[in-house]
Amino acid sequence: MTALSRRQFASVIGVTLLVPFLPVSAGATPMPDVHPTPSMQAKILDVEGQAFQISDFKGIPVLVNFWATWCAPCIAELPALNQAAISLADINLVILLVSIDRGGPDKALPFLQDRGIVETDGKAGMRFGFDRKANLPREMGVSGVPTSFLLSSDQAKSWLFKGPYEWDQPEMLTHIRSLVG
């Protein structure tokens with residue numbers, strides 16, 4: 001057996017660490033199993049600086065996506081999440097993008113706006129939340145970003161999605177509709 005050079009070892013480690021963050025297609029991976037919803041009591045801020053909880057959306061299915069401006073896989077999936085919000089408007093789904101940037105809305109909001117991602121009017125559609133200290137993801141057991149939770153409208157059931165997904169693909173949209181429909 002031949003010993004690996006430092007460069008070869010670094011390459012193997014780099015690929016190994018990158019694989020979990022490659023985009024995942026809904027057709028290439030099974031949908032997650034249903035689980036009881038984790039605790040979600042921590043408050044986050046909206047674009048106006050007002051505190052709210054995810055439970056404020058009870059009665060509407062919610063896709064909570066934890067992301068950050070420094071996270072390349074998070075940034076890569078933002079356009080797909082934006083398109084999914086448009087495509088799933090008919091089921092009154094809320095897509096809640098929760099930034100864990102320490103700069104809060106001052107950092108994350110212009111970043112989203114520069115990419116054409118804006119909040120929609122009304123309670124459903126695209127919504128933004130800001131959690132500078134990452135209290136909510138920590139409470140929910142999130143170990144890395146991007147991580148998303150799809151919550152049933154009664155918030156009793158959840159589906160956990162670790163890593164980036166192609167949220168706007170027809171297979172994924174169909175899965176989301178079937179899970180929360």
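Modeller: A residue is called buried under 20% relative accessible area, exposed over 50%, and partly exposed in between, using a 1.4 Å probe and protein chains only. Glu119, for example, is partly exposed, with a relative accessible area of 26%. What you see above is a predicted model, in which local features need pLDDT of at least 70 and side-chain atom pairs count only at pLDDT 80 or more, while totals for chains, interfaces and linings use all residues. Residues are numbered from 1 along each chain as its sequence is written, and side-chain values use heavy atoms, with hydrogens and water left out.

Biologist: Thanks! How many helices and strands does the protein have?

Modeller: Helices (H or I, at least four residues) and strands (E, at least two) are DSSP runs, numbered from the N terminus. Here there are five helices and eight strands, and they follow the order α-β-β-β-β-α-β-α-β-α-β-β-α. Of the 181 residues, 44% count as buried.

Biologist: What share of the contacts join residues at least 24 apart?

Modeller: A contact means heavy atoms within 4.5 Å. Among contacts between residues at least 6 apart in sequence, 75% join residues at least 24 apart.

Biologist: Which residues does the disulfide join?

Modeller: A disulfide is a covalent bond between the sulfur atoms of two cysteines. The search takes a pair of cysteine sulfur atoms within 2.5 Å, and the whole structure holds one such link. This disulfide joins Cys71 to Cys74, with 2.3 Å from S to S. The link of Cys71 and Cys74 is right-handed, with 80 degrees about the S-S bond, and both cysteines are buried.

Biologist: And how many salt bridges are there?

Modeller: The rule asks for a side-chain nitrogen of Lys or Arg within 4 Å of a carboxyl oxygen of Asp or Glu. Two salt bridges turn up in the whole structure. In one of them, Asp90 meets Arg177 at 2.9 Å, N to O. Asp90 lies in the loop between α2 and β5 and Arg177 in helix α5 (residues 170-180), so the pair ties together parts that are 87 residues apart in sequence. Asp90 is exposed at 56% relative accessibility, whereas Arg177 is partly exposed at 28%.

Biologist: Which residue does Glu119 meet in a salt bridge?

Modeller: The partner of Glu119 is Arg127, at 3.6 Å, N to O. Arg127 is partly exposed, with a relative accessible area of 22%.
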